[in-house]
Amino acid sequence: MQKIRSFIKLIRVHQWVKNLFIFLPSFFALKILPLENLLHLSLTFIAFSLLASAVYVFNDWMDISSDKIHPVKRNRPLASGKVSPTEGLLLILGLLALSAALFLYIDNQKVMFFSAVYLVQNILYSIKLKHIAILDIMLIAIGFVIRLLIGGAVTETPLSHWIILMTLVLALFLALAKRRDDVFNFTRTGEKARKNLQGYNMDFLNVAITIMATVVIVCYIMYCVSPEITAKYGDQIYLTSFFVILGVLRYLQLTFVWLISGSPTAILLKNHFLQLILVGWIVSFFLIIYLKI
């Protein structure tokens with residue numbers, strides 16, 4: 001049972017929450033409610049989540065030595081020795097096989113293409129590109145855009161420039177906050193958990209995070225008041241910006257005041273205030289675009 005728990009921890013099921021971005025294009029395009037669409041989206045979500053888990057395991061496998069000196073990552077199954085490197089490789093192959101079988105069953109060429117791009121990008125990221133400052137966070141952000149492209153391909157939903165831009169900027173904001181946590185740990189312990197930390201410092205990250213937070217809010221407000229969006233959803237859509245502004249401010253508070261920006265997913269799963277904000281945003285959007293309130 002201990003080994004099974006280690007395997008489950010290694011594939012990072014909690015990180016699957018990121019893959020909910022696959023549902024966003026259909027949600028905004030009012031295409032999520034037909035059961036056929038929901039089924040296809042759900043199968044794609046599972047297939048992509050298995051693929052992403054294979055990527056996580058591969059990244060941990062590549063980072064065994066550096067994770068051992070990280071105050072938190074040293075407890076990961078591979079770094080702690082609870083799972084051997086050989087077992088990790090076998091797990092990667094198993095996850096890829098299951099994911100490929102599901103993608104073949106779904107039989108959507110665009111979905112398979114974007115998923116293959118994600119896989120290749122992250123293999124290169126794990127081997128080399130994550131060690132290049134700035135490029136590393138940009139690739140993380142592109143990964144979220146790929147999730148949107150996959151979601152759009154499932155239901156043949158065109159993506160607006162707004163959803164792509166906001167996703168990219170939001171992902172950059174979260175990635176920068178995560179790098180700030182790495183730099184903070186380095187200045188506190190003297191142990192460099194990432195090779196690219198020489199490309200970052202607290203001053204740069206503080207400014208960059210502030211800029212990205214501002215751009216996220218401005219982009220969302222521009223999205224809400226743009227003629228194409230008000231014509232499609234109505235004039236009340238601007239009310240949802242309340243939750244976006246509140247969410248960004250809360251995350252800035254967690255980053256600068258509480259110093260807990262190391263894992264955006266863990267923060268979302270544990271922070272009840274952020275969860276309420278997210279639920280409020282989803283409910284308000286649903287009421288406005290689906291129920292026309």
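Arg12 is buried, with a relative accessible area of 10%, where buried means under 20% relative accessible area, exposed over 50% and partly exposed in between (1.4 Å probe, protein chains only). This is a predicted model, in which local features need pLDDT of at least 70 and side-chain atom pairs count only at pLDDT 80 or more, while totals for chains, interfaces and linings use all residues. Residues are numbered from 1 along each chain as its sequence is written, and side-chain values use heavy atoms, with hydrogens and water left out.

The backbone of Arg12 has a phi near 55 degrees, which is a positive value in a residue other than glycine. A second case is Ile134, where phi is near 75 degrees, again positive in a residue other than glycine. Ile134 is found in the loop between α7 and α8 (135-154) and, at 42% relative accessibility, counts as partly exposed.

What does Arg12 form with Asp60? The two residues form a salt bridge, with their closest N and O atoms 2.2 Å apart. A salt bridge is a side-chain nitrogen of Lys or Arg within 4 Å of a carboxyl oxygen of Asp or Glu, and the structure holds seven of them. Arg12 lies in the loop between α1 and α2 (24-28) and Asp60 in helix α3, so the pair ties together parts that are 48 residues apart in sequence. Asp60 is itself buried, with a relative accessible area of 3%. Asp60 also forms a salt bridge with Arg76, where the closest N and O atoms are 3.0 Å apart. This second pair links helix α3 to the loop between α4 (64-67) and α5, with Asp60 and Arg76 lying 16 residues apart. Arg76 meets Asp67 in a further salt bridge (3.4 Å, N to O), and both Asp67 and Arg76 are buried. Through shared partners, these salt bridges join Arg12, Asp60, Asp67 and Arg76 into one network.

Aromatic residues come next. The structure holds 18 aromatic pairs, counted when ring centres of Phe, Tyr and Trp (its six-membered ring) lie within 6.5 Å, with planes under 30 degrees apart called stacked, over 60 edge-to-face and the rest tilted. The rings of Phe48 and Tyr118 have centres 4.7 Å apart and planes at 55 degrees, so this pair is tilted. Phe48 lies in helix α3 and Tyr118 in helix α7 (residues 109-127), so the pair ties together parts that are 70 residues apart in sequence. Phe48 is buried at a relative accessible area of 0%, and Tyr118 is buried at 3%. For Trp162 and Tyr223, the ring centres are 6.4 Å apart and the planes at 65 degrees, so the pair is edge-to-face. Here Trp162 in helix α9 (residues 161-189) and Tyr223 in helix α10 (residues 202-225) link distant parts of the chain, 61 residues apart. Both Trp162 and Tyr223 are buried.

Phe27, Phe28, Tyr233, Trp281, Phe285, Phe286 and Tyr290 form one aromatic cluster. Two of these names return in the nonpolar core, a set of buried Ala, Val, Leu, Ile, Met, Phe, Trp, Tyr and Cys residues joined through side-chain atoms within 4.5 Å. Of the 82 residues in the largest such core, Phe28, Tyr223 and Phe285 touch the most other members. Helix α3 gives the most to this core, with 13 residues. Leaving aside neighbours within four places in sequence, Phe28 is in contact with Ile163, Tyr223, Lys232, Tyr233, Trp281, Phe285 and Ile289.

Methods:
Helices (H or I, at least four residues) and strands (E, at least two) are DSSP runs, numbered from the N terminus. Contact means heavy atoms within 4.5 Å.
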